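My entries follow in the order of looking.

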Amino acid sequence: MQHKSLKIKEMKLYIEYSNKDIPKSEDIKTLTAQALQAKQTIINRSGNGNDFLGWVDLPEQITTQELNDINSVAKTLRKKSDVFVVAGIGGSYLGARAVIEALKNNFDYALNTTPLVLYAGNTMCEDYLSDLMQVLDKRDYSLCVISKSGTTTETAVTFRILRNHLEQKYGKQEAKQRIVAITDKEKGILKNIADKEGYKTYVIPDNVGGRFSVLTPVGLLPIAVAGFDITTLINGARQMRNELINHDTSIALDYAINRKYFYNIGKQIELLVNYQPNLVYFNEWFKQLFGESEGKDNKGLFPASVSNTTDLHSMGQYIQQGKRLMFETVLHVENSNNHLSIPQQQDDDDKLNYLTNFSLTQINHKAEEGTRMAHLDGDVSQIQLSIDKLDEENLGALIYFFEFSCAISGYMLGINPFDQPGVEFYKKNMFALLGKK
Ligand code: PA5
């Protein structure tokens, strides 16, 4: 078993190999050279898909004026909305949702928090949208429609229905004040509609793909409407960017090197693991980022996730003793934002007094440590990414860390990490079945 740690600010990466997975030093040396070359490919913009590298400099390029504009539009929308609907799919909503869910109260819907951020345009399910509209009938709301292409069916169909609903509820003029469109700067059906109707619009830059767009208005507007600090989010990403671009040893390189090592020795699945339910959508964002970026040319690790300790009581069995396919990347959060400790019980009728005065986080961390040890024994090697707490700065840094690592990983795998040609196949069949002309 080997153990090493690299640290950026408060973020650390540890790697522990199971006895069967210990690498030879030549393996890591070769992969390190490949990772450095991949990093250079990003910096020189010389690889496949290099016209989609706009995300690399986003944290440096976004101006105070742009952030102020987003914050001011968000403030207006917050004032007039009990509910804020984010309509988008894939990269056009998962980043915003990952950050919002990580930072919000888990039960905000029961606390009358306003605005409550709800999601649409990510499914064609009739019951889902009907249920949402029952809420929208009763509550004041506004809507942000996000689509780079402007033609994605799930989002477009939802937008048509909700735009009609808004117009009936508020009249055409007020509906316009309640709709923001985030799309391409000049082309696409959504752009045409937004121009015709005079909606407030934001641009998704040409050189930023959907799953790399969370640090553009795609992520920033919904996050700001939800009441979180987008300037600090960007600052976190900027600090991570400076570390990763300017150093030839970094947690991103080390992560990419080890992912590729595990892939080379036959691992097929990377499990992203967290220990808190408010990170479930961070898992979803991660799965899209890596799945769409790497899964092509019959290559790539299959990105999966679990949220523990919940999933230790379902998937835990497979991970411990099922087919040996995976390694784990555990997102460890050192400190919780709230504190709750176990009270003393006079008669110890539940036999839990041995835990008196432990905080739940301390117990959660022991569960995490015990699981790490058990999984290592079960031949599941461990990568641990540790942050001090969940806040805007760390989430910004994490987003940039995973984007950068993903690009390096994709180039190490020999694929274009920035396209997604496979997504078109189902669309082609669906359009033919629906008789689209
Ligand atoms: O990462 C991607 O490019 C995709 O997941 C897209 O974000 C997703 O398909 C939605 O596309 P659009 O924004 O064009 O509606």
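A backbone N or O atom of Gly 210 is 3.5 Å from an oxygen atom of the ligand. I then turned to side chains: an N or O atom of Ser 92 lies 2.6 Å from a ligand oxygen, and a polar atom of Glu 292 lies 3.0 Å from a ligand oxygen. I also looked up the cover: the protein takes up 89% of the 380 Å² of accessible area that the ligand has on its own (Shrake-Rupley method, 1.4 Å probe).

I noted the basis of these values. This is a predicted model, in which local features need pLDDT of at least 70 and side-chain atom pairs count only at pLDDT 80 or more, while totals for chains, interfaces and linings use all residues. Residues are numbered from 1 along each chain as its sequence is written, and side-chain values use heavy atoms, with hydrogens and water left out.

Next I listed the shell. There are 13 residues around the ligand, and Ser 92, Ser 147, Ser 149, Thr 152 and Gln 288 come nearest (a residue is near if one of its heavy atoms lies within 4 Å). I sorted the shell by class and got 1 nonpolar, 9 polar and 3 charged residues. Here Ala, Val, Leu, Ile, Met, Phe, Trp, Tyr, Cys and Pro are nonpolar, Asp, Glu, Lys and Arg are charged, and the others, Gly among them, are polar.

I moved on to the sheet. It is open and parallel, with 5 strands in the order β4-β3-β5-β6-β7. Strands are DSSP runs of E, at least two residues, and helices are runs of H or I, at least four, numbered from the N terminus; two strands pair if DSSP finds at least two bridges between them. I looked at one pair: β5 (residues 141-146) and β6 (residues 179-183) are parallel over 4 bridges, and Leu 143 stands opposite Ile 179 in β6.

Last, I checked a helix pair. Helix α3 (residues 64-80) packs with helix α10 (residues 230-246) at about 145°, axes 10 Å apart; axes are lines fitted to C-alpha atoms over the stretch in contact, and angles run from 0 to 180 degrees between N-to-C directions. The contact (heavy atoms within 4.5 Å) is made by Leu 67, Ile 70 and Asn 71 of α3 with Ile 230, Thr 231 and Ile 234 of α10.

Technical notes:
A polar contact is a pair of N or O atoms within 3.5 Å; within protein, one must be able to donate a hydrogen and the other to accept it, and residues adjacent in sequence count only if both atoms are side-chain atoms.
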